[in-house]
Amino acid sequence: MSSSLIRALLLAVLAAVVAYPIGHFVVPWAGWTFFCASLGLQMVFHFKNFARLDRWSYAPVVDDSLEGEGAWDGIFGRLYRHEKDLRAQIAARDEEIRMLIAAGQALTDGVVLLDDHNQILFCNTTAEDQLGLVIRTDRGQPVVNMVRQPEFVAYLQGEDFSRPLTLRSERGEDRVLSIYVIPYAGNRRLMQVKDVTQTDRLDRMRRDFVANVSHELRTPLTVLAGFLETLQEIDVDRDEQKRFLEMMSEQSLRMQSIVQDLLTLSSIESAPPPEADVVDMVNIVDKLRRDAEALSAGRHQIVVESDGQGDLRGSEPELVSAFGNLVANAVRYTPPGGTVRILWHASKNGAEFAVQDTGIGIDAKHIPRLTERFYRIDRGRSRDAGGTGLGLAIVKHSLNRHQAQLEIKSTPGVGSRFAARFPASRVVGV
Amino acid sequence: MNESVHLSSQFDEDLSRLRTHVLQMGGLVETQVSAAIDAYATGEIASVKSIVETDRRVNELEKAIDDDCAHIIAKRQPTASDLRLVLGISKIVTDLERAGDEAKKIAKGVRRIYEGGHMPSQYGVGIRHLAEAALSMIRQALDAFARLDTELAKSVIRADTDVDTEFKSIIRQLITHMMEDPRTITTSIDIITIARAIERIGDHAKNVSEQVIYVVDGRDIRHMGKEAAQ
């Protein structure tokens, strides 16, 4: 028993001890009166403190108003300390939770926490962005209310989470998401959302590449085999034979150029950085114009717009072949009577080589994939025009090796502009 | 006492499940519309079949949800906002189902064009833009319903005006094409059907948004002009 309690008890006993002789020696009622009055006083004192505690307990605050008198002081003090400790603990815990949430926000993958009814408990900003959620308004909402794609709904209801779900996001621009659902703490679920757009694109390019190489080589091979079979089995006259052989050699040349381009591409990819010879651009632009005129055979107007200054550092054969490719494409895909412009501008901030045509143009959706190997806008057309489907892939690689960017702008029916932008470090003589 | 608490939470659960079903149906319609647009852009008419198949599921869901609505009204006799929710839902599903039908129309139009050996690419940009706008309207209308967000619903209603304007300009453009070259008439008529269907999808999205405002505010702003959505 604490000393303050003993003191409170002693006070009551003291009142009795004083009251007794009064009652015994003077008159009994005086003793009783004294005893009751002193107990009553104590009672008033305790009641005052009790009322204070009662008031405080409705809205416990940590401040100095919690101060008692006498025996109550200890109790108030301990309550005050208890409340203070509790608040400190809560604050520390809050801080801990805030840190955990901050860690969740820092993840580069999207994270969504779901309760046992698949309702959203938490999601980080990455997930908000990927799935179109807004945690402020969507907390407690079933996740399928917001991510409504049937594949996702079926996956979540299917309860088989051994494989991730690959989802083509409807909200973002053609994003591909990989969604993992991980059960935790009983029936709760954690949804991890990875953005696999890049990987998916690479995968598709690799698959397409193999399929395309096979296809591109098989077509001429089929023709060759067909003619060989015909020649073996049927007697054909000399003229016919000559025609067949011409077609066969045409096809074998085609195969050769595809293989040649493939080899060029792979050698560019694996080669060391290009040497830093100075490439005389004025000379090259002039040569490109002559080549273009020869290829066009007078059907197009070839215009050169050049500052007549500025040269590039790099590998001459690679650059000439890349520029030549752009010019040849422009001539090939511009109907007779059109104009092909060869532009060369160099300044201290860098240089730009561009080819602008008034050709058939390219639909915007094809432009990002144009430099993929064997990517064709229209399967028949470019092969008829004699392309291998690797030209722009080689151009892009050659330019990238010179830290240059290939920029393509095009409007269907109006024309295209292919520009190679070189950084200042590659430009000399300005 | 205990029993009534239990019943009312059961009721809440019924309503929440009903909403989720509506949104699932909405998800199917969204998929249909976006697949139809893709088919138009890429000419992959293989997806036409799956759009038609999805439509069957949409129809089934429509019937099931209508049935649920009737059950809830009969069994629970909902009042005030609960009643508005149920009434709103029964109208929303009708609009969603029709939007799905329009997507089917687009898909079939695309198949006709490509099977006829034509390429709609020269009208591609305008139509695709219109379609993206309509798709985003239907997506936002469903978001507004899921979040009971009247501001978003109002913005969908306002967006409908843009879609209508764009639709009219596409029609004018097509008329010019047809006058210049009568050979394009067959394709142009198919494209008009598609544009019309897209425009209708926008209208259905607008109707859904109007119902969202009715559910939340109890205000019926149908046929009141776009000022009501300010």
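Chain B runs α-α-α-α-α-α along its sequence. That makes six helices and zero strands. The model is predicted. Of the 230 residues in chain B, 48% are buried.

**The last helix of chain B**

Helix H6 of chain B covers residues 185-217. Gly218(B) comes after H6(B). Its phi is positive, near 75°.

**Salt bridges**

Side chains of opposite charge can pair when their charged atoms come close. Over all chains, the whole structure holds 39 salt bridges. Three of them are set out here.

| Pair | N to O distance |
|---|---|
| Asp143(B) and Arg148(A) | 3.1 Å |
| Glu372(A) and Arg204(A) | 3.9 Å |
| Arg417(A) and Glu352(A) | 3.0 Å |

Take the bridge between Asp143(B) and Arg148(A), at 3.1 Å from N to O. This pair crosses between chains. Asp143(B) sits in helix H4 of chain B, residues 124-147. Arg148(A) sits in the loop between helix H6 (143-146) and helix H7 (150-158) of chain A. Are the two partners buried or exposed? Asp143(B) has a relative accessible area of 5%, so this residue is buried. Arg148(A) is buried as well, with a value of 3%.

Next comes the bridge of Glu372(A) with Arg204(A), whose closest N and O atoms are 3.9 Å apart. The pair links distant parts of the chain, 168 residues apart. Glu372(A) belongs to the loop between strand E10 (350-357) and helix H12 (379-384) of chain A. Arg204(A) belongs to helix H8 of chain A, residues 197-233. Glu372(A) is buried, with a relative accessible area of 6%. Arg204(A) is partly exposed, at 25% relative accessibility.

Arg417(A) lies in strand E12 of chain A, residues 415-422, and Glu352(A) lies in strand E10 of chain A, so the pair ties together parts 65 residues apart in sequence. Glu352(A) is buried, with 12% relative accessibility.

**Surface patches**

Which residues gather in a patch of negative charge on the surface? They are Asp174(A), Asp38(B), Glu44(B) and Glu132(B). Asp174(A) lies in the loop between strand E3 (165-168) and strand E4 (176-184) of chain A. Its relative accessible area is 57%, so Asp174(A) counts as exposed.

A nonpolar patch also lies on the surface. It is formed by Ile6(A), Leu10(A), Val13(A) and Val17(A). Together they have about 340 Å² of accessible area. Ile6(A) is part of helix H1 of chain A, residues 3-25. Ile6(A) is partly exposed, at 39% relative accessibility. As background, an α-helix has 3.6 residues a turn, so residues three or four places apart point the same way.

**Loop residues in chain A**

Ala185(A) has a positive phi, near 40°, and is not a glycine. Where is Ala185(A) placed? The residue is in the loop between E4 and strand E5 (188-195) of chain A. Its relative accessible area is 61%, so Ala185(A) is exposed.

Ala297(A) is also not a glycine, and its phi is positive, about 55°. This residue is found in the loop between helix H10 (281-296) and strand E7 (301-306) of chain A. Ala297(A) counts as exposed, at 59% relative accessibility.

Val134(A) is in the loop between helix H4 (125-131) and helix H5 (135-138) of chain A. Its relative accessible area is 27%, so Val134(A) is partly exposed. Cys123(A) is 11 residues from Val134(A) along the chain. The C-alpha atoms of these two residues are separated by 8.6 Å.

Technical notes: Residues numbered from 1 in each chain as written. Chains lettered and ligands numbered in written order. Predicted model: local features only at pLDDT ≥ 70, side-chain atom pairs only at ≥ 80, totals over all residues. Heavy atoms only, no water. Patch = residues over 30% accessible without salt bridge, like charges linked within 9 Å, V, L, I, M, F, W, Y side chains within 5 Å. Areas by Shrake-Rupley, 256 points an atom, 1.4 Å probe, with all protein chains shown as cover. Salt bridge = Lys/Arg side-chain N within 4 Å of Asp/Glu carboxyl O. Lys, Arg positive; Asp, Glu negative; His and termini not counted. Charge placed at Lys NZ, Arg CZ, Asp CG, Glu CD. Helix = DSSP H or I, 4+ residues; strand = E, 2+ residues; numbered from the N terminus. Buried < 20%, exposed > 50% of the residue type's maximum accessible area, 1.4 Å probe, protein only. Expected span 1.5 Å × (residues − 1).
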